[in-house]
Amino acid sequence: KERLAAVLEQVSAIINVPFLKTDQLSGIWGCLRNVSIPFVRRQTPYFVNGCVPAIADIVSLSPIRSKLKIHIMNAIRVVFDKGPEVYAECVWPRNALLVSADPVAVDQVGTDILNDHRLDAGLPILGDQQGRIAHVYDAARRGLGTVDQDYIQIVHPE
């Protein structure tokens with residue numbers, strides 16, 4: 001029932017380029033968060049319950065989902081705590097890009113990267129006890145991508 005941003009009527013493709021960072025409302029601000037709530041007019045109601053089911057509902061909409069082509073997550077400098085605000089002491093130079101046609105897979109790999117670094121820094125992991133972010137798993141459950149490590153290939157440059 002919410003009106004989407006007018007720009008969605010003006011584009012034929014979306015190349016999603018989020019930054020990898022924590023988000024106090026949804027756990028992480030990754031691919032899914034970047035192409036969902038920013039496209040709705042009144043955002044506040046969508047932040048309840050870790051943004052579940054809001055993020056998956058919005059990404060599922062045809063004006064968004066049909067135009068998503070590729071996701072290039074900027075993990076060159078990662079905000080590993082207190083995000084989405086950026087504090088110098090919470091930035092880590094990871095020097096990576098995560099690229100996929102699957103936004104859920106990118107968010108899952110991004111979550112793993114954040115949680116590994118958070119553990120090294122003595123911080124609690126994001127998400128539940130297994131490090132699962134609610135809106136990412138909701139999107140996977142709804143067929144928007146996968147969190148299954150058997151289907152995610154990580155390629156490191158030589």
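Good morning. A charge is said to sit over a ring if NZ of Lys or CZ of Arg is within 6 Å of the ring centre and within 35 degrees of the ring normal. The structure above is a predicted model, in which local features need pLDDT of at least 70, side-chain atom pairs count only at pLDDT 80 or more, and totals for chains, interfaces and linings use all residues. Residues are numbered from 1 along each chain as its sequence is written, and side-chain values use heavy atoms, with hydrogens and water left out.

Let me start with the charges over rings. The charged end of Arg132 is placed over the ring of Tyr137, 5.8 Å from its centre. Arg33 lies over the face of Trp29, and here the distance to the ring centre is 3.8 Å.

Helices (H or I, at least four residues) and strands (E, at least two) are DSSP runs, numbered from the N terminus. Which residues of helix 6 are buried? They are His135, Val136, Asp138, Ala139 and Ala140. Buried means under 20% relative accessible area, exposed over 50%, and partly exposed in between, with a 1.4 Å probe and protein chains only. These buried residues pack against strand 3 (27-29), helix 2 (31-34), helix 3 (54-60) and helix 5, where contact means heavy atoms within 4.5 Å. After helix 6 comes Gly143, with a positive phi near 85 degrees.

Now to the loops. Leu123 counts as partly exposed because its relative accessibility is 23%. Leaving aside residues up to four places away in sequence, Leu123 touches Phe80, Asp81 and Arg118. From Leu123 to Val136 there are 13 residues in sequence and 21 Å in space, C-alpha to C-alpha. Arg42, in the loop between helix 2 and helix 3, is exposed, because its relative accessible area is 51%.

Finally, the largest pocket. A pocket is an open set of points on a 1 Å grid over the protein atoms alone, where a 1.4 Å probe fits, with protein on both sides within 12 Å along at least five of seven lines; lining residues have an atom within 4 Å of a point. The largest pocket is lined by 22 residues, and Leu97, Leu98, Val109, Ile154 and Val155 lie nearest its centre. Which element gives the most to this lining? Helix 5 does, with six residues. Thank you.
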